[in-house]
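This report walks through one protein model, helix by helix. Take a look at the structure first, then read on.

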Amino acid sequence: MYGAAWEPLGLWPLAIAGWAWWMSGLRVRDTSAVFLHAFLFVLTAWMVAFHWVLAHPMLLAAMTSGIALLSYASIFAALTAWLIGLVDSFTSSSHPLYFRAIILTAILSSVVFETILFKGPFAMPWLSLGWSTAPSSWSLLASSLLGVQGLALLILVMAGLISLVPGFRMQGRAGIGLCVLGMLLFIPRLISVSPAYPESRYDTIRVRLLEPDLPPQRWSDVYDLSRIDGF
């Protein structure tokens with residue numbers, strides 16, 4: 001679900017629903033299971049949306065990107081499992097606030113991970129949760145006010161609130177049925193995506209650039225034709 005939120009599918013509400021479903025499955029008192037749950041969640045999402053990084057014409061760049069994806073998925077899973085293990089060691093699963101503590105811990109680990117994506121040795125900000133909702137106008141407005149990482153925090157809070165709704169967690173046939181239905185809905189959308197962009201007049205295109213740590217003066221002169229190739 002999270003992977004389908006990115007372009008070219010662009011089904012951005014699934015980013016919120018996907019993270020909510022992931023959070024709802026963290027009620028497991030086993031750090032190994034939490035690690036595997038988090039690792040598969042983020043890695044499969046990236047493989048759906050960013051498998052093209054492994055097709056780079058330079059073999060070294062493709063290998064580096066692949067290793068970076070695996071490394072970041074492992075860091076996310078390890079961080080989540082470690083923090084939830086701390087919650088389990090201090091809180092009983094029968095406590096009425098236990099699951100809320102799990103959700104807050106999941107949000108914390110995800111926010112720390114978002115920072116690593118932006119500031120880590122292999123900076124890959126385009127993997128950020130905030131970018132997955134980029135096809136929507138509200139996310140562009142929110143990111144202009146809060147920044148991309150602030151938008152990610154907003155999405156995580158929304159997902160956490162959804163996961164707290166009684167009955168949201170679906171198992172067995174209901175969960176499998178939802179996945180199958182979702183795949184059937186994605187197929188027409190995937191077929192309709194054309195790799196060729198239609199010609200358009202330049203004066204009908206509006207571009208909104210959101211680039212972290214880049215001053216507007218660096219890219220604001222969009223009428224300079226010599227910079228078009230760079231854009």
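## Helices α4 and α5

The axes of α4 and α5 come within 10 Å and cross at roughly 160°. An axis here is a line fitted to C-alpha atoms, for helices over the stretch in contact, and angles run from 0 to 180 degrees between N-to-C directions. Helices are DSSP runs (H or I, at least four residues), strands are E runs of at least two, and both are numbered from the N terminus. α4 and α5 are therefore roughly antiparallel to each other. The cut-offs are these: angles under 35 degrees count as roughly parallel, over 145 as roughly antiparallel, 65 to 115 as roughly perpendicular, and the rest as oblique.

α4 passes α5 in a right-handed crossing. That term applies if the near helix is turned clockwise from the far one by less than a right angle; anticlockwise is left-handed. From α4, the contact takes in Phe99, Ile103, Ile107, Ser110, Val111, Glu114, Thr115 and Phe118; from α5, it takes in Val148, Gln149, Ala152, Leu153, Leu156, Val157, Gly160 and Ser163. Contact means heavy atoms within 4.5 Å. By class, these residues are ten nonpolar, five polar and one charged. Ala, Val, Leu, Ile, Met, Phe, Trp, Tyr, Cys and Pro count as nonpolar, Asp, Glu, Lys and Arg as charged, and the others, Gly among them, as polar.

## About the model

This is a predicted model: local features need pLDDT of at least 70, side-chain atom pairs count only at pLDDT 80 or more, and totals for chains, interfaces and linings use all residues. Residues are numbered from 1 along each chain as its sequence is written, and side-chain values use heavy atoms, with hydrogens and water left out.

## The whole chain

How many helices and strands does the protein chain have? The count is six helices and zero strands. Along the sequence, the pattern reads α-α-α-α-α-α.

The protein chain has 231 residues, and 36% of them count as buried. Buried means under 20% relative accessible area, exposed means over 50%, and partly exposed lies in between (1.4 Å probe, protein chains only). Take the contacts in the protein chain with a separation of 6 or more: residues 24 or more positions apart account for 66% of them.

Helix α3 spans residues 59–90 and helix α4 spans residues 98–119. Their axes come within 9 Å and cross at roughly 150°. That makes α3 roughly antiparallel to α4. The crossing of α3 and α4 is right-handed. Among the α3 residues that meet α4 are Tyr72, Phe76 and Asp88. The α4 side includes Tyr98, Phe113 and Leu117. By class, the contact of α3 with α4 has 15 nonpolar, four polar and one charged residues.

α1 and α2 pack at about 170°, with axes 11 Å apart. That makes α1 roughly antiparallel to α2. Their crossing is right-handed. Gly18, Trp19 and Trp22 of α1 meet His37, Ala38 and Phe41 of α2. This contact has four nonpolar, two polar and no charged residues.

## The nonpolar core

In soluble globular proteins, nonpolar side chains tend to be buried together. Here the largest nonpolar core has 47 residues. Such a core is a set of buried Ala, Val, Leu, Ile, Met, Phe, Trp, Tyr and Cys residues joined through side-chain atoms within 4.5 Å. Those with the most contacts inside it are Tyr2, Trp19, Trp22, Met23, Trp46, Phe76 and Leu129. Two or more residues each come from α1 (13–24), α2 (31–50), α3, α4 and α5 (137–163). α2 gives the most, with ten residues.

Tyr2 deserves a look. Not counting residues up to four places away in sequence, Tyr2 touches Leu14, Ala15, Trp19, Phe41, Ala45, Leu127, Ser128, Leu129 and Ser132.

## Between α4 and α5

Ser128 lies in the loop between α4 and α5. Buried or exposed: which is Ser128? Ser128 counts as buried, at 0% relative accessibility. Leaving aside neighbours within four places in sequence, its contacts include Tyr2, Glu114, Leu117 and Val148.

Gly130 is in the loop between α4 and α5. Gly130 is buried, with a relative accessible area of 3%. The C-alpha atoms of Gly130 and Gln149 are separated by 6.6 Å, though 19 residues apart along the chain.
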